[in-house]
Every structure is written in structure tokens, then in C-alpha cells.
Amino acid sequence: MTTRTTEILVGLFMVAGCAALLFLALQVSGLAPGARTDTYTVYARFNDAGGLSARGRVSMAGVTVGHIREVVLDPETFQAKATLEIDASVKNIPSDSSAIIRTSGLLGEQYIDISVGIEEDPMKDGDVFYSTQSALNLERVISNFASGR
Amino acid sequence: MTDALARLGRYGLTLLSTWGRAGLFLSGALWGAPGQNGGFRLLVKQLYAIGVLSLAIVVVSGLFIGMVLGLQGYTILSDYGSEEAIGQMIALTLVRELGPVVTALLFAGRAGSALTAEIGLMKATEQLASLEMMGVDPLRRVAAPRLWAGFIAMPVLAMIFSAVGIWGGMLVGVDWLGVYAGSFWSSMQSSVAFLDDVVNGLIKSLVFGVVCSWIAVFQGYDCVPTSAGISAATTRTVVYSSLAVLGLDFVLTAVMFGGF
């Protein structure tokens, strides 16, 4: 085997490695460089954020319209404050819409579902959801049921 | 009683001197990085022997491991009605653990043993000594290109392993068992983080590459130059590499994902 063939094969090997890394970055971990679409930020406060975590999705009518940037505790109200980044193309969410934490499937990840309101004014950058619904806590439901409330 | 103590002491001293020689060997070989006087050619040749020729076993194992993960995951997850989580399971398992670890084990068996045997035979037939007689540093000429080739080839192989494995899992999960492709990929993308998972896997495979090629080349360089010595050194390479990979994997996992 000539040196040239060896060199070409090694070159192909390196290219295959880079392609694999690119596949892992783009397709598997969903990293999209440059395709960072314009977003605007809204906030939602929950009494119980459950298993909500950063990078979770935000959906309306089952369609993903944004993602969760972070979930932190608000030290003043002792509520969980979620920062949501909504795609700029979805710019007419009624300002009285509510954010509901739902679980996809039985074991799936938790996401925020926006239940659409009726107000004419849309939500703007920096707005806070007027009403929210916390994560469904199965233990709490059972204990409420057991104590007859 | 004193005999036992002396044996223990001798064992400890031998161990220490082996470690010392291994450290000197590594630093000597790394300082003599390939590059000058045709070193790049040597590196490419070793990359071919270590990387390209290991590709077949890595791709085939990756494919089958991915497919098995798909099947096993489906049977368990379908009990809970959440088959979509199969993409997440396959990707996280492969990228975090199986990709680096299984590739390193295959690498130790396929490339590491060959390296040890090759260098051991060079030593037994006094090729290393004659290189030294000609004024060529065998660490630079023989050891350095092989070490560097191992450092480079191992992460590349691990990435290919993970990618092929995920593709194999998709083949079984989506094309055969009928999991919806959209939720397969979206559950994967929402749970795999590039920096936390892919890059940590890459770091793991780099560490394993360093350890495996260091053990393999040093065992060959340090072996008893007889046929029995070479065979013992080759065995040691595979055993030590596997143990080091599995042990280090626990440490690295604890540091990276254990939340310390």
C-alpha cells in the first residue's frame, strides 16, 4: 500500500470523526449554531415547579414555541420563577394566557403548556404570566383525596 | 515473618520503579513529539494502523450495541407507555458511558495488544538497540508516533462509535418497532446537552486514549525480550488497560456527573 493511499484513508478517518462529532452536536444534542432564532423573554411564577428544568420546552396546542432558560427560586415570594424564551414569530400570545406545567407521557419530561386566553393585548418582552398552574404532584393529590378534601 | 515483609518490600520497590520508568518513558516520548524529520509521515502511518484499521470493529460493535439498547429499552419503556423516551435513553447511554468505555476496551484489545507485540518484537530482535546505535532515539522514532496516534485516534473512534450506535438504535426503535421518529429525536435533543454530555464523553475518551496507548507502548518497550516475555506483556496490556479504563471511568463519571 502506497503512502498516498494511507494518507487518504487517514484523512477520511479524521473526516468521519468530525462528521460523527457534528452529528452528535447537531442532531443528538440539538445544538444549532447561527440558527439562534430571535426570541423574547417572559416569566412565569409557580408555587411548585416540580421537575421543570432548563432546556425544557414551552408549547402551545402541542406545538413547541420556545424553551425554558432557567428555573430559580424567587427569594421574596418563595415561588419558582421560570424564565421562558418564546420564538419571536409567536408574537400574539394573549396577555391573560396561563402557563401550565404538564408531563409528557407517564415518565416523560415536564414542559410548560400555554393555555390561550381571550385578551386582545399580546404579551411583550419581560411580561409575567397572569395565572399559572403548578406541577401535578401525585402524592399531594392522593393525600388530599385520602383526607377527603 | 521477615521474609514476607521483605517480599512485600521488594514488590513495592519493583512497582515503584516500574511507575518511575513508565513516567520517564512517557515524558521522553511526548517531548520527542513527531513533527521534525518526517515525523508527520510516521504519525500518519500509525494513525492508519491504530485508527483506520480499528474502524471496522468499532463500527460493527457500535451498530449492534445501539440496536440492542433500542430493543432492550423498548421492552422496558413500553411497559410504562413511554417508548418515546427510548431516544433519550440510547443517546445518553452511548454518549456518556458506552461510547468511550466500549471503544476503549475494543481499542485495548485491537490496537493496544498489536502495539505491545510489535514493539516487544522490535526489542527482542534488537531493532531498538540498533536504532540507538545509529544515533536515532527510539523513543522519538518508535514510541512517540504510536502514542500520539493513540491519543488522536481514540476520541475519533469513540465519536464514530456513539454516532453509529445512535443510528443503530434509531434503526431498531423507529424503523422496526415503530416509535414515532419526531419524538425519538426530540426527546433525545431535549435531554442531551452538548457541553455536559458530548464534550464530557469526548474528554473521557481522550483520557482513555492516553491511558491505553501509554500502557500498550510502555509494556512493549519494557517487556522481557523473549517470546514468553512478549506474550506476557501483551496479556498485561489488555488486562491493565481494561482495568484502568473501567476504574478511571468510575472516577471520571463521579467527577463529571456525580455533582461533586
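Two strands pair if DSSP finds at least two bridges between them. Keep that in mind for the first exercise, and note that this is a predicted model.

**Exercise 1. Find which strands pair with strand S5 of chain A, and in which sense.**

Solution. 
- Start with S5 (residues 98-103) and S6 (residues 110-115) of chain A: six bridges join them, and they run antiparallel.
- For one of these bridges, look at A:Ser98, whose partner in S6(A) is A:Ser115.
- Next, turn to S7 (residues 131-133) of chain A, which is parallel to S5(A) and joined to S5(A) by three bridges.
- Here A:Ala99 has A:Thr132 of S7(A) as its bridge partner.
- With at least two bridges needed for a pair, S5(A) pairs with S6(A) through six bridges and with S7(A) through three.

**Exercise 2. Describe the overall build of chain B.**

Solution. 
- Then take the extent of the C-alpha trace, about 65 × 55 × 35 Å along its principal axes.
- Of the 260 residues in chain B, 47% count as buried.
- Finally, consider contacts between residues at least 6 apart in the sequence of chain B: 87% of them join residues at least 24 apart.

**Exercise 3. Work out how chain A is divided and which part of chain A supplies the largest share of its side touching chain B.**

Solution. 
- Chain A has domain 1 (1-36) and domain 2 (39-143), and their C-alpha centres lie 38 Å apart.
- Between the chains, 26 residues of chain A are in contact with 30 residues of chain B.
- On the chain A side, helix H1 (residues 3-28) gives the largest share, 15 residues.
- Sorted by class, that side holds 14 nonpolar, eight polar and four charged residues.

**Exercise 4. Trace the largest nonpolar core and name its main contributor.**

Solution. 
- The largest nonpolar core has 75 residues, and B:Leu47, B:Leu157, B:Ile160, B:Cys212 and B:Val217 have the most contacts inside it.
- H1 of chain A supplies at least two residues of this core, as does each of several chain B helices, including H2 (39-50), H4 (85-124) and H8 (194-221).
- H6(B) contributes the largest share, 20 residues.
- Zoom in on B:Val217: leaving out residues up to four places away in sequence, B:Val217 touches B:Leu115, B:Ile119, B:Ala143, B:Arg146 and B:Leu147.

Terms used
Residues numbered from 1 in each chain as written. Chains lettered and ligands numbered in written order. Predicted model: local features only at pLDDT ≥ 70, side-chain atom pairs only at ≥ 80, totals over all residues. Contact = placed C-beta atoms within 7 Å. Helix = DSSP H or I, 4+ residues; strand = E, 2+ residues; numbered from the N terminus. Nonpolar A, V, L, I, M, F, W, Y, C, P; charged D, E, K, R; others polar. Domains from an automatic or database assignment. Core = buried A, V, L, I, M, F, W, Y, C linked by C-beta atoms within 7 Å. Buried ≥ 20, exposed ≤ 12 C-beta atoms within 10 Å, placed from the backbone.
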